[in-house]
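Colleague: Let us go through this model together. I will ask what backs each label, and you set the value against the criterion.

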Amino acid sequence: MNRTDIPDSNAGRHRVSILSGRRPDAAHWDGVQLCRLESRRNGRQECLRYGMSACSHRGAVAGRQNGIPFRVISACFALVYFGVGSLTAETSNPTLQAQFDESERNPVGHAKEWITNIVVHTPEYRADIQGDVTVSFRASGMSHVRASCWQQPTAKEPSPWGHDSVIIPAIPLDEQGEGKFVFPADQYPHGPLTVRIHARGEGQKQDICQLQLYNKGGVRWKEGIPKTNPPAAQGMKLVFADDFNGRLSISHDGKGARYQSHKTGGGDFSGWGFGNLEDGTNPFGQVDTYLRIRAAKRTDGKGSTGLLSSANEERGGFYAAAPAYFECRFLAQSAPGTWPAFWLLSKGSLNKPNLHGTDELDIIEAYGGLGWGNPNFPGYAVTSHYWGQKDSAGKPKKDDSLAAGVPMLELGGKSSWSTTFHTYGLLLTETDTVYYCDDIEVFRHPSGSISKTEPFWFLINYAIGGISGWKIDLERYKNASDMYVDFVRVYAGGKRL
Ligand SMILES: [Ca+2]
């Protein structure tokens with residue numbers, strides 16, 4: 001047994017040693033399974049098992065593992081085991097790290113490489129967590145794994161957008177593909193979060209498991225309706241706000257409630273049907289100041305999920321006309337079939353018959369899933385539709401050009417709709433229709449004729465499959481998935497209809 005002492009990087013409080021069955025050296029280190037991590041804390045020795053991979057310290061150990069050279073520049077698992085925030089980890093294999101990065105940023109280019117592989121043993125999917133949480137998983141046949149989670153600004157990473165935090169770097173797995181790591185949840189945002197476990201194997205096969213968790217501890221960051229008004233709503237008045245910090249008021253037809261749980265006027269579109277608060281299909285939950293929409297298969301084998309419409313079947317409810325600004329903040333999961341959206345419909349569409357047509361403004365439509373047969377794009381879509389309308393030549397009005405894919409991995413903090421919360425907004429004026437992501441303008445076009453005059457209602461939903469045409473496969477996640485809505489608010493030019 002050899003001992004490799006790691007220099008104490010936290011001034012006398014911790015001392016970390018690696019005990020290995022074979023002395024690590026520059027040529028080879030295969031003592032991973034024999035590896036043991038010890039610490040001395042305040043003069044007491046603690047022994048901590050370390051069962052997954054290499055750990056060393058700057059200058060202490062460089063080596064090669066499974067043919068992959070590495071040099072860990074700080075004691076990453078000291079961070080994991082002791083929760084010492086000042087310690088981070090990297091491997092010295094930039095090629096491997098770059099491969100992980102590139103495939104997350106360009107899933108389309110790797111469409112045929114994605115498979116469903118990773119199985120998380122603990123904690124349970126969608127579990128409440130706090131403190132140090134052991135995440136154990138299996139990635140059969142995969143050779144390397146990395147785990148990440150979006151983190152609020154820290155002293156080392158002060159970007160106000162937050163940043164992608166590597167929990168474990170790209171490290172080798174054993175032959176069985178079993179692995180575990182400790183996720184120090186107290187160092188990450190309070191509330192809903194997504195731990196991304198990304199594994200790669202031979203032949204470029206790879207998988208990302210999005211482990212949805214709810215952090216009961218952690219750091220409160222950007223929660224709730226901001227105290228400031230959105231820049232795009234300058235000069236307008238707040239006419240609607242819901243921070244989802246109280247009992248949800250919703251019913252199947254919207255009567256006597258703030259929201260309706262189906263598309264007003266008919267036409268539900270989700271493969272897993274939109275459920276109702278008042279019966280056994282209820283998808284809605286209240287957690288702190290979040291609305292949780294849980295898509296789930298019921299015991300009868302059918303799936304339920306949720307929609308909020310601000311209109312109701314009595315032509316009442318909430319509407320706003322130009323000039324107006326609509327905004328919603330949410331987080332959802334990217335998995336085959338998930339289809340979160342925040343969108344608007346013009347009120348005239350509720351007329352029977354609808355002689356004037358309908359404007360539909362899709363502020364965000366996101367399609368989940370990776371791999372062949374799934375959408376694969378890491379961003380989301382904004383679209384303006386002009387249904388049932390004719391142009392000056394008497395031909396159906398085309399809306400083909402009124403759509404854009406938003407490359408959100410290149411905007412602002414460069415994170416996905418499934419990685420962390422974002423706000424999605426739309427400014428509607430009598431001249432322009434402008435789409436926003438986190439207050440960044442992402443698309444603009446002249447307003448349609450109906451958009452200039454008619455009031456709109458809004459819809460927030462977590463559709464699963466359905467008319468999107470994309471397949472549903474949530475088996476890996478035990479046939480459930482969560483969308484968390486933080487708030488919705490609407491501003492208008494003082495004119496409420
Ligand atoms: Ca809230």
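Colleague: How do you know that β7 and β9 pair?

Modeller: This is a predicted model, and three bridges join β7 to β9 (residues 132–138) in the antiparallel sense. Pairing takes at least two bridges, so the two strands count as paired. Within that pairing, V119 stands opposite R138 of β9.

Colleague: What makes β7 and β12 edge strands?

Modeller: The open sheet has three strands, ordered β7-β9-β12, with antiparallel pairing. β7 (119–122) and β12 (178–184) each have a single partner strand, so one side of each lacks a neighbour in the sheet. From one strand to the next, the twist averages 30 degrees.

Colleague: Why is A147 called buried?

Modeller: A147 has 23 other C-beta atoms within 10 Å. The cut-off is 20 or more, so A147 is buried. A147 is found in strand β10. Beyond four places in sequence, its contacts are I167, I168, F181, V195, R196 and I197. The C-alpha atoms of A147 and A199 lie 8.6 Å apart, across 52 residues of sequence.

Colleague: What makes V485 buried?

Modeller: The count for V485 is 26 other C-beta atoms within 10 Å. V485 lies in strand β32 (residues 480–492). Its contacts beyond four places in sequence include F244, Y290, C328, F330 and I460. F330 is 155 residues away in sequence, yet the C-alpha atoms of V485 and F330 are 4.3 Å apart.

Colleague: Which residues have the most contacts inside the largest nonpolar core?

Modeller: That core has 74 residues, and the list is A324, F342, L344, I363, L426, F458 and V485. F342 touches C328, I363, I364, Y424, F458 and I460, leaving out residues up to four places away. Another core, of 33 residues, lies apart from it, with I129, C149, Y188 and Y214 among its members. In soluble globular proteins, nonpolar side chains tend to be buried together.

Colleague: How much of the chain counts as buried?

Modeller: 47% of the 497 residues. The chain has three helices and 32 strands. Of the contacts between residues at least 6 apart in sequence, 67% join residues at least 24 apart.

Colleague: Where does pLDDT stay under 50?

Modeller: Over residues 1–92. The model has 174 contacts beyond four places in sequence for that stretch. Where pLDDT is low, the predicted coordinates should not be read in detail. For the chain, the mean pLDDT is 83, and 80% of residues reach 70 or more.

Conventions
Residues numbered from 1 in each chain as written. Helix = DSSP H or I, 4+ residues; strand = E, 2+ residues; numbered from the N terminus. Axes fitted to C-alpha atoms, helices over the stretch in contact; angles between N-to-C directions. Core = buried A, V, L, I, M, F, W, Y, C linked by C-beta atoms within 7 Å. Buried ≥ 20, exposed ≤ 12 C-beta atoms within 10 Å, placed from the backbone. Contact = placed C-beta atoms within 7 Å. pLDDT = per-residue confidence, 0-100.
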